[in-house]
Amino acid sequence: MSSSHKELTTLLLLLVAIAGHPARCAEVTRIIGGQFASPGQFPHQVSLQLRGRHHCGGSLISDTMIVTAAHCTIGQSPSQMKAVVGTTDLAAGNGQTLDIAQLIIHPQYNPQTQDFDMSLIRLSSPVKLGGAVQTIQLADADANYAADTLATISGFGAINQNLQLPNRLKFAQVQLWSRDFCNAQNIPGLTDRMVCAGHPSGQVSSCQGDSGGPLTVDGKLFGVVSWGFGCGAKGRPAMYTYVGALRSWIKQMANV
Ligand code: ARG
């Protein structure tokens, strides 16, 4: 493709994304903005790997259970997946690689709408906790939140337009949108199982490969990276599965 062609294609993709088609895991990209994490900074962060390659994020909630997005595990078999914990650099080989026993997808997950986009992953044997590997506490059921509450997202996802995976963990701060804006009137397809977060500039966002990973508020798991309109656009949030809405299901299935 000629470079002007490429530019045109990129522009078109951008326009499509901005025009309001939910980009359920495609195209424009850059965790966009933010910074690289230091070792041990996100000890609950998981890299979910599919056939040996980074596929999605996740969060460790007990020594045998991970929370991720349903769209990360749907249609997959446990034998093709592994969970890597305890590293901020996937190329360094200093993490623990864990076998997966079971993928538990939320029974109401809807792949068309991304409603109930949550999955649990049961590890084959308990992970060794300590140091750079720790569990994260879950937010309370229906945890309330004020508009513009600061939240932290982290992930090994894409950082640029070429869908380049950095292998290194990034993180960024975003703000939660209140239900006054984060609702189905303003954002078609939005449900009570979703919360919105973004950055006023549109230059800071989760992106492809961050899915399933954590959005934390006050050190607790509040959301799970789910979907967005491209990756960061002014006035556009990204959508996160609302842990508070699915808290009792997690309790029931994982006993956490
Ligand atoms: N669904 C995509 C994934 O699997 C991206 C999720 C976040 N997207 C976004 N535009 N904020 O990684």
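I began with the second largest cavity, to whose lining β13 gives the most, with six residues. Helices (H or I, at least four residues) and strands (E, at least two) are DSSP runs numbered from the N terminus. I note that this is a predicted model, in which local features need pLDDT of at least 70, side-chain atom pairs count only at pLDDT 80 or more, and totals for chains, interfaces and linings use all residues. Residues are numbered from 1 along each chain as its sequence is written, and side-chain values use heavy atoms, with hydrogens and water left out.

**Second largest cavity.** I looked up its volume, which is about 80 Å³. On a 1 Å grid over the protein atoms alone, a cavity is a set of points where a 1.4 Å probe fits but cannot get out, a pocket is an open set with protein on both sides within 12 Å along at least five of seven lines, and lining residues have an atom within 4 Å of a point. The lining has 18 residues, and Val-204, Ser-205, Arg-236, Pro-237 and Ala-238 lie nearest the centre of the cavity. Two or more residues each come from β11 (194–198), β13 (220–233) and β14 (236–242).

**Largest pocket.** I then turned to the largest pocket, which holds about 360 Å³ of space. A volume here is the space filled by probe spheres set on the points, with grid points joined across faces, edges and corners. Of its 14 lining residues, His-54, His-55, Leu-165, Gln-208 and Gly-209 lie nearest the centre. Both β3 (53–60) and α2 (70–73) give two or more residues to this lining, and β3 gives the most, with four.

**Helix α3.** I listed the buried residues (under 20% relative accessible area, 1.4 Å probe, protein chains only) of α3 (residues 247–254), namely Arg-247, Trp-249, Ile-250 and Ala-254. Seen down the helix axis, they fall within an arc of 160 degrees, so they line one face of α3; the arc is that of the directions from the axis to the C-beta atoms. On the other side of α3, I found Ser-248 and Gln-252 exposed, the cut-off being over 50%. Just after α3, Asn-255 takes a positive phi of about 55 degrees.

**Asn-110.** I placed Asn-110 in the loop between β6 and β7. Asn-110 and His-71 are 39 residues apart in sequence and 9.1 Å apart in space, C-alpha to C-alpha.
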